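I opened my notebook to look up side-chain contacts.

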Amino acid sequence: MTHLDLDFVRGQFPAFEEPSLEGFSHFENAGGSYACGHVIERLERYYRETKVQPYYAFEPSRRGGESMDRAKQRMAAWLNVGADEVHFGPSTSLNTYVLAQALRQELAPGDEVIVTNQDHEANVGAWRRLADSGITVREWRIDPDTCELHPSALEALLTGRTRAVAFTHCSNIVGSINPVREICDLVHEAGALAIVDGVSFCPHGMPDIPSTGADVYLFSLYKVYGPHLGVMYLRRGLNEEWPSQGHFFNVDKPRYRFTPAGPDHAQIAAVNGVMDYMDALYVHHAPDTADAPTERAAAVRDLMRGQETRLLQPLLDYLADHPAVELIGKTDAELRAPTVAFTVRARSSDALAGQLAAEGLGVGAGDFYAYRLIEALGLDNADGVVRVSFVHYTAPEEVDRLIGALDALLP
């Protein structure tokens, strides 16, 4: 299981057979991936067969509820956590906001929360607003020369009043995969909670959450080949300890305590499609093996990362060597995700993205809600950076075409 069967993979995504997308290459996957066919089929089936209020005794309602419960169980098994520790919300931004409101009730004036300036604003803004209630908010800042978060800088910020540290598993601009376990261990040694944003990491392989040490772990399924949902792992003890944010009569029901704005039932059921795809990917590459979900998850993660790393290195080499390009982050593909941001001397990021779009290459430009990071890098927030992001289904010839287009457009 060392090499991905790309033909099989691309055959699982209807977008690659869609006539209107012929000649187009999707390089803004960090903003949202293509949905796999399993998810689309699950959505269609739910709306056609079971689009009623779930969990009643009548047949379509019962089956709808069962499919929703099964989705949570399968996702939990893949993440190696309990089904009661997995929660689906409308988005990661809203899940984070709800948790911040719960933590606000737990903290006292003078307690401290640490955030970073490397994060997407969804994992910064909600925690920063705790300052309105007298909570001290400290900022763990990147090294401006490398754009990295150094654990030693976090150690200097931790105090006896630190109650929580919120940080990203992988930056949506820098692309670095942060040493989550090391960071979580530091946080726990200080007696605080570790809250990890995995939105930019999970498209490249969902993690074994216990191995990360996170107390809270969040990610977005619309970037993991699925529907527009936010997934929230909340350690069982926290669910029991933190004040419920749901209806008062649901206070004793774990799955309702921190999802006051329940998402579309069909989308929850369609999470089964994400798991169908992950299982199909595993079975195709190891047809004679019957590993448990955690082993399957590790194998699929290795397949995805191997494919992505092989495609990423030539792009990094090209950008790092170009005299007009300022590449953000590391140049070794083994040490980062295939989310690559850069600027070009005397060239607007937005204008370059537009030129690439005219060539059928979908890249992004802007700050990507990492406003504070762009600011810390001394860049113009109004124009931001060019961002090229891909995942395991991207073909080598697409990367070659991107490099060729850049070479023709750059000074």
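**Rings**

I found one aromatic cluster, made up of Phe13, Phe16, Tyr34, Tyr225, Tyr277 and Tyr393. I note that the model is predicted. My search of the whole structure gave 14 aromatic pairs. I looked up Phe13 and Tyr277: the ring centres are 5.2 Å apart and the planes stand at 75°, so I list the pair as edge-to-face. Phe13 is in the loop between α1 and β1, and Tyr277 is in helix α10, so this pair ties together parts 264 residues apart in sequence. Both Phe13 and Tyr277 are buried.

I then turned to Tyr56 and Phe58. That pair is stacked, with 6.0 Å from centre to centre and 25° between the planes. Phe58 is partly exposed, at 43% relative accessible area.

**Charges over rings**

I checked two arginines. Arg10 lies over the face of Phe16, 3.9 Å from the ring centre. The charged end of Arg387 sits over the ring of Phe368, at 3.8 Å from its centre.

**Salt bridges**

I counted 26 salt bridges. One of them joins Arg42 to Asp276, with the closest N and O atoms 3.0 Å apart. Arg42 belongs to helix α2 and Asp276 to helix α10, so the bridge ties together parts 234 residues apart in sequence. Asp276 is buried, at 18% relative accessibility.

Helix α10 came up again with Asp279, which forms a salt bridge with Arg74 at 3.2 Å between the closest N and O atoms. Arg74 lies in helix α3, so parts 205 residues apart in sequence are tied together. I have Asp279 as partly exposed, at 22%, and Arg74 as buried, at 14%.

Terms used
Residues numbered from 1 in each chain as written. Predicted model: local features only at pLDDT ≥ 70, side-chain atom pairs only at ≥ 80, totals over all residues. Heavy atoms only, no water. Phe/Tyr/Trp six-rings, centres within 6.5 Å; stacked < 30°, edge-to-face > 60°. Helix = DSSP H or I, 4+ residues; strand = E, 2+ residues; numbered from the N terminus. Buried < 20%, exposed > 50% of the residue type's maximum accessible area, 1.4 Å probe, protein only. Lys NZ or Arg CZ within 6 Å of the ring centre and 35° of its normal. Salt bridge = Lys/Arg side-chain N within 4 Å of Asp/Glu carboxyl O.
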